[in-house]
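Trainee: Could we go through this one together? I'd like to hear what stands behind each label before I use it.

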Amino acid sequence: MRLFIALPMSEEARGAILAGADELRAKIPAANYSRAENLHITLAFIGESNRVDALKACIDEVCRAPFTVTVGGSGRFGDLVWAGVRVSPPLAALERRLRVSLQRAGFRIENRPFRPHITIAREAPGSLLPHVPEVTMAADRVLLMRSDRQNGRLVYTPVYERRLTDA
Ligand code: 2AM
């Protein structure tokens, strides 16, 4: 199965991003918009794997105290439009611990710089960007997600959830 590890959105952050998506949809209706329930921040892309227990162990090993994440603003990777995520020290540290742990466990994780984002739309040509208000949310859960294409739609299903706790 196709897997990735992500932080979920708070409802307030989801609302801010959907407002940006609606603004963009009015101008670029033909783009491929992320469904509301699919919005997330990817921490690590695993790709095809069935090593779920090893992935759970990596997640358990790297999760520490909860922190906050600020989302807002927007940008593009070509035709992909994203909402921004501020890179704070605890977010960068979590991503780095996770990458190291996954690589040690034998997963092939690319060493590209971490550019956290929330994909709003794919196949959105041009240079228009939506306004996405700034929202600060709690990062208190890490999810192992499975990605499937069902009838042409991307469906993400949580496989494992780990809470970030002070304990
Ligand atoms: P994207 O939204 O910028 O495409 C599930 O595919 C998640 O993993 C998406 O958030 C996707 O980012 C991210 N991802 C990172 N690297 C990927 C890759 N090589 N192929 C597919 N998705 C990738």
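Mentor: Let's start with charge: Lys and Arg count as positive and Asp and Glu as negative, while His and the chain ends are not counted. The place of a charge is taken as NZ of Lys, CZ of Arg, CG of Asp or CD of Glu. On that basis the chain has 24 positive and 18 negative side chains, with the centres of the two sets 4 Å apart.

Trainee: And what are we looking at?

Mentor: A predicted model, where local features need pLDDT of at least 70, side-chain atom pairs count only at pLDDT 80 or more, and totals for chains, interfaces and linings use all residues. Residues are numbered from 1 along each chain as its sequence is written, and side-chain values use heavy atoms, leaving out hydrogens and water.

Trainee: How many helices and strands are there in the chain?

Mentor: There are 3 helices and 9 strands, where helices (H or I, at least four residues) and strands (E, at least two) are DSSP runs numbered from the N terminus. Read along the sequence, they give β-α-β-β-α-β-β-α-β-β-β-β.

Trainee: What makes the radius of gyration agree with a compact globule?

Mentor: The radius is taken over C-alpha atoms, and the globule rule is 2.2 Å times the number of residues to the power 0.38. For 167 residues a compact globule would come out near 15 Å, and the chain has 16 Å, so the two agree. The C-alpha trace spans about 45 × 35 × 25 Å along its principal axes.

Trainee: Why is Ile41 called buried?

Mentor: Buried means under 20% relative accessible area, exposed over 50%, and partly exposed in between (1.4 Å probe, protein chains only). Ile41 has 0%, so it is buried. Contact means heavy atoms within 4.5 Å; beyond four places in sequence, the residues Ile41 touches include Ile5, Val71, His117 and Met137.

Trainee: Which residues touch the most other members of the largest nonpolar core?

Mentor: Ile5, Val71 and Leu102, in a core of 48 residues. A nonpolar core is a set of buried Ala, Val, Leu, Ile, Met, Phe, Trp, Tyr and Cys residues joined through side-chain atoms within 4.5 Å. Apart from that core lies another, of 5 residues, among them Phe4, Ala6, Leu143 and Met145.

Trainee: What makes Ala36 partly exposed?

Mentor: Ala36 has 26% relative accessibility, which falls in the in-between range, so it counts as partly exposed. Ala36 lies in the loop between β2 (32-33) and β3. Leaving aside neighbours within four places in sequence, Ala36 is in contact with Arg14 and Leu18.

Trainee: How do you know that Glu123 and Asn151 count as exposed?

Mentor: Glu123 is at 53%, so it counts as exposed; Asn151, at 85%, is exposed too. Glu123 is in the loop between β6 (117-122) and β7 (135-139), and Asn151 is in the loop between β8 (141-150) and β9 (153-163).

Trainee: Why look at their phi angles?

Mentor: Because most residues other than glycine have a negative phi. Glu123 has a positive phi, near 55°, and that of Asn151 is positive as well, near 50°.
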